[in-house]
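Trainee: Please take one part of this model and look at it closely. Then show me how the surroundings are built.

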Amino acid sequence: MEFKKKTLSNGLDVVGEVNKSAKSAAVGFFVKTGSRDESEQINGVSHFLEHMLFKGTEKLSALEVNEAFDRTGAQFNAFTSEENTVFYAAVLPEYLLEVTGLWIELMRPALRDDDFSIEKNVIKEEIAMYKDMPSFDVMDQCRTLHFDGHPCGNSVLGSEASIDNLTAEQMRDYFARRYAPNNMVLACAGNFDWDQICSIAANSCSRWQKQAVGRKLEHYGGSKKKKRVEKSNLAREHICLMSAGLSAQDPRRFAASLLGIIVGDNVGSRFFWELVDKALADAATMQFGAMDGTGAFYSYISCSTDNVTKVLDTVSDIFQSLSKNGITEDELRKAKNKVLSALVIKNELPMGRLVDLGFNWIYLEKYRTVQDDISAIKAVTVDDVNVLIEQFNPGEFTQLSLGPAQDRGLKTENRRQRTDSDL
Amino acid sequence: MKERLDKYTLKNGMVVLGEPMEAVASAAFGFMLPSGAAVLPEGCCGAGGVIADWIFRGAGDKNSRQLGDALDGLGLARSRSVGSSHITIGAALEAGNLAQALDLHADIILKPSLEEDQFELARQLAIDGLLSLDDDPRQKVMLKLREQFYPSPLGRSPVGEIAELKALTAEKTRQIINDNFNLSQTIFAVAGKYDLEAVCHQIEKLFETERQEAAEPVMLGSKAGKYTHIDNDGAQVHIGLMTDTVKPTDEDYYNARVAVSVLSGGMSARLFTKVREERGLCYAIGARYHCLKDAAGIMCYAGTTPDKAQETLDVIMQEFDKLGEGISEEEIQRAKVGLKSSLILSSESSSSRAGAIASDYYMLGRVRGLDEIKDKIEATSVNSVLGFLRSNKFKDFTVVTIGPKCLK
């Protein structure tokens, strides 16, 4: 593995990790922009813009873009979060240069009005799709409740109304401000030729104009509000808990991740043994999500409406016991083993490496080897985790529940049985 | 790229398959136990999920907690699934822990404690899982689709039926485990970094038994129905659609795979282009090849708001119908490159390879090399794919919808 880096005069960072023994290569643009960088008027624009980049350039139509990717057999896509928009592709080494060239072209999209109008429908379908996924919906609504006005609570998708009201002009303006070369990173991992990548980046990206970009960073402890939302078609109670965590820049993030595993990994965690193993809940997980300048612990629980009180009492006992007694050496050892083997497995694929390479550059402007992360995880002590528990007290959380109308539990059961026998 | 396949057969018939991978430090393994949803006795729908949970609740000299702790202590990324034909349990892990993980899995398969109180918890979780499906219409529609499409009992739901799960007893479930955990029909596969001799020796020591008789093959019944609608007051109509195609043993298998790829391989494929890009009808739209040993189909999913649902279904059906009318050379080339590329990309993952070699062995009785698959994909052409489509016209579609609106 060999690390490479070049910065163009307009501020675009190009980073690479070359592994000549890999069978594939991966490339991605990591753009430091997401829903937290939006105002209320343009909520949803980052994600909508991610879709619009696939609609082509002055020279390429949407179909031509898709055909060009598919001709290389690339596995390509993009995603948008609260603070990043990432475009990526995994591909056979012989096509890496071509695919990189294509991404570079797409980073200067046409943003045509007619494409914008058609894609608006797709975005609204995506919003509708997630409404039918309560495990996602509850997290989204809880994030808004937790951040309570802080920009990290902005919805990534936006609402149907905000998307309806959004204009192509507003999107073009947002694009011009945020997709500046000094606000993005081009990253490559796996089997590829660094000099070729550098040369195509220098030739094609140098004319991009540097902009004054920024983001207001403010840590936020969370509202700790509690709310229940009823939805008549739901069968189960979906509960999301959120509490304050530390940032992606904080060296203690490895300890925070291990705490998430100890409390809420999908097997073998405290949530698992107390809630899932005992069949009080059919899902109960907690994880740590580090963000730019802030962070949070997220829990998701799914259970029957009858079990809600017992489940929440149990959760409360788990957090109280954590605060009082901390974690054990044995728990930490198991959590480390799980995290370490997942890390090794993930990083065997160039696509897995790309994600870490890109995000380390976005958040830290640093290259970290897999070994750096392994060492950091191994170095975490019980005390490190216990200090975090004391400081952040995950038992003080924001809570959002999504479930059926409370007096209609029986009716739901009846309707379900009738549906089944109809089949 | 020359991969090596290791194969060893125990005296009782259990097959050990392995594919060493030079570039990795991990190993992934899986045991395919012949006890999937379709081979379980009538009236026990969902027992597979209960079994896959119950056997982990204590085994050998360890209780449930000790066993879970031991597995976690090895850092296992565990996997377990209940399919039509098999329950598969396995894990991916750092290669150095493989031997200990296999010892634990031998206990789980051969010496599960199967205690009564743990059974009740496993069954309750299976019931909860089934009830949760009502809140996940996208997954539910595809399970219903398989149930309706495949000749009974091949598409039987691995999640279960509520009445049958409620009636299931520990005694009955123990009997099912006893009858179906047949080592002579079990396939073990490992890929990644491992020592062949050590693995074979260990598997032999742990799993060598008297040969067991194979179970009677399941009798196939009829398909359930053409169209099923389940009412749900959600935001979208979730559409599942499936039609017959050839099995992996058929000489036209690769023509079928390329045809599906023209329809829905990449973002320039027809469904994505016609349904999403040109009309903006859906966010999620796609079709894929799906097979069991005895039947195969092309499976399609689309999710769309009620006003657009009928048009979505109509356009999808038109695209299926139009496929045999003509395909361009460019489309075939893109489909072939896509299939070959995804084959090679997945060959870097030990989990993917362990799953692929086990599945090949079960479906075909042998494991195909990557070069063989690449050559067969390469050998297809516009003419061979069109010839296949014309002699295998899509005629019967099974459709399932879940949502606020019933379709025609």
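Mentor: Start with a hairpin: strand 4 and strand 5 of chain B form it, with four residues between them. Helices (H or I, at least four residues) and strands (E, at least two) are DSSP runs, numbered from the N terminus. This is a predicted model, in which local features need pLDDT of at least 70, side-chain atom pairs count only at pLDDT 80 or more, and totals for chains, interfaces and linings use all residues. Residues are numbered from 1 along each chain as its sequence is written, while chains are lettered from A and ligands numbered from 1 in the order in which they are written.

Now the pairing. Strand 4 (residues 77-82) of chain B runs antiparallel to strand 5 of chain B, and six bridges join them. Two strands pair if DSSP finds at least two bridges between them. In this pair, Arg78(B) stands opposite Ala91(B) of strand 5. Strand 5 of chain B also has strand 3 (residues 26-33) of chain B as a partner, again antiparallel, through eight bridges. Here Ala27(B) stands opposite Leu93(B) of strand 5.

How covered is strand 5 (residues 87-94) of chain B? Mostly: eight of its eight residues are buried. Buried means 20 or more other C-beta atoms within 10 Å of the residue's own; exposed means 12 or fewer; partly exposed lies in between, with C-beta atoms placed from the backbone.

Take one residue of the partner strand. Ser79(B) is in strand 4 of chain B. Ser79(B) counts as partly exposed, because it has 16 C-beta neighbours inside 10 Å. Leaving out residues up to four places away in sequence, Ser79(B) touches Gly90(B) and Ala91(B). Contact here means that the two C-beta atoms, placed from the backbone, lie within 7 Å. Ser351(B) sits 272 residues from Ser79(B) along the chain, yet their C-alpha atoms are separated by 9.8 Å.

Step back to the whole of chain B. Chain B holds 15 helices and eleven strands. Its radius of gyration is 22 Å, close to the 22 Å that the globule rule gives for 408 residues, so chain B is as compact as a globular protein of that length. That radius is taken over C-alpha atoms, and the rule is 2.2 Å times the number of residues to the power 0.38. The C-alpha trace of chain B spans about 60 × 50 × 35 Å along its principal axes. Of the 408 residues in chain B, 52% are buried. Among chain B contacts between residues at least 6 apart in sequence, 81% join residues at least 24 apart.

Helix 4 (residues 116-132) of chain B has 17 residues, which should span 24 Å at 1.5 Å a residue; its end C-alpha atoms are 24 Å apart, which agrees. The expected span is 1.5 Å times one less than the number of residues. Twelve of those 17 residues are buried, so helix 4 of chain B is largely enclosed by the rest of the structure. The buried residues include Phe119(B), Arg123(B) and Asp128(B). Their cover includes strand 10 (295-303) of chain A, together with elements of chain B, among them helix 1 (47-54) and helix 7 (170-180).

On helix 15 (residues 382-391) of chain B, the buried residues are Val385(B), Phe388(B) and Leu389(B). They cover an arc of only 95° around the axis, which puts them on the same side of helix 15 of chain B. The arc is that of the directions from the helix axis to the C-beta atoms. An α-helix has 3.6 residues a turn, so residues three or four places apart point the same way. The face of helix 15 of chain B turned away from its buried side carries exposed Asn383(B), Arg390(B) and Ser391(B). Cover for the buried residues of helix 15 includes helix 9 (253-264), helix 11 (306-323) and helix 12 (329-346) of chain B.

Finish with the interface. The contact takes 60 residues from chain B and 55 residues from chain A. Helix 12 of chain B gives the largest share of the chain B side, eight residues. That side divides into 21 nonpolar, 23 polar and 16 charged residues. Ala, Val, Leu, Ile, Met, Phe, Trp, Tyr, Cys and Pro count as nonpolar, Asp, Glu, Lys and Arg as charged, and the others, Gly among them, as polar.

One backbone detail remains. The peptide bond from Ser152(B) to Pro153(B) is cis, with omega near 5°. Pro153(B) lies in the loop between helix 5 (137-149) and helix 6 of chain B.
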